[in-house]
Amino acid sequence: MSSDEPSITPPTLDSIQLARRSLLNLVRETPSWQWTGQHIQELVPQDTTLWMKLELFQHAGSFKARGVMLAMQALDEAARKRGVTAVSAGNHAMAVAYGARAMGSHAKVVMPTNANPARVAASKALGAEVEQLDDIRAAFARVEEIEQTEGRKFLHPFEGEHMALGSGSLGMEFLRQTGQLDVLFVPIGGGGLAAGLSCAVKQLQPRCKVIGVEPAGADSMHRSFASGQPQRIERVGTIADSLGAPMAMPYSFAMCQRYIDELIKIDDDEICRAMWLLFADAKLAVEPAGAATTAAMLKMRDQIAGKRVGLIVCGANIDDATFAQCLQRGRPQA
């Protein structure tokens, strides 16, 4: 730990295991799958073993349900009756809507006007009341107002212990399914997934190298690592909107700073090529964020020779038209 690293109390393995047990009847144990397709065998060294954690098959289509369900469990009956609120471009909103309905509560979520219409529709279909504002910063301000005036509990999209424990349960589950890994790629938006997952992995397998993956157009964690403090970015500019958090925050930043070994940036073209590869070779239809780890792995292919490599496929909430455009953009040139 560096001398300027923020002081935090990370979740212990016992607390992560307890969280995992409490989620047994509330979330899915998503499968892990060894990737051995024709295309990928031509792209990575032959002695490399790839394991994908298929969290796109989680309730509401992403890993977010884990932390949300832990947070919903912690609410007393009165709080559940008052309801919950959240701000999100899509995946967290859908998970909160799902969690509220599953736990007998109700959700009001605030989403930016440029959020994918399919995600907005899905949040409504899951029972949420949806408000939309022009940008994500205005949405954060509005959700604070809802919390104060309506008494709803604000469920943060990435910051806090419940999100870290939920993500930690994912890491623990993945390692139980795959055994020893040498390298693990995890996507970073706000950092909640990377924080909890890397915390669990480093306690269970300290020698496993954890690599955080950020879009070049939403690099708040890169900037935060460079400065030693959580940073904001001026604007989000990436097709991977699920990874487009406008800032890092103290708890998740400190966890990432402690447990992540390396950060790597990927651009939108690399993401689209990874989406095409996952669809053509693994038969997976993922959103851009779900392809981020594959894009990073391909960028580092020479460095993973002979390694057992883990890839977190974090979500698949995308409409068919956008997905088709991404595949066309990522299709290899003849």
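Contact here means heavy atoms within 4.5 Å. Keep that in mind for Val109.

Val109 touches Ala86, Ala93, Val96, Ala128, Glu129, Val130 and Glu131, leaving out residues up to four places away in sequence.

A word on the source. This is a predicted model, where local features need pLDDT of at least 70, side-chain atom pairs count only at pLDDT 80 or more, and totals for chains, interfaces and linings use all residues. Residues are numbered from 1 along each chain as its sequence is written, and side-chain values use heavy atoms, with hydrogens and water left out.

Now the sheet. It is open, has four strands and parallel pairing, and runs in the order S5-S4-S3-S6. Strands are DSSP runs of E, at least two residues; helices are runs of H or I, at least four; both are numbered from the N terminus. Two strands pair if DSSP finds at least two bridges between them.

Which strands stand at the edges? S5 (129–133) and S6 (153–154) do; each has a single partner strand, so one side of each lacks a neighbour in the sheet.

Next, S3 (residues 84–87) and S4 (residues 107–112). Four parallel bridges join them. Thr85 has Lys108 in S4 as its bridge partner.

Helix H5 (residues 91–102) packs on the sheet and touches S3 and S4. Its direction makes about 170° with that of S4. Axes are lines fitted to C-alpha atoms, for helices over the stretch in contact; angles run from 0 to 180 degrees between N-to-C directions.

Helix H6 (residues 117–125) lies across S4 and S5. H6 runs at about 150° to S5.
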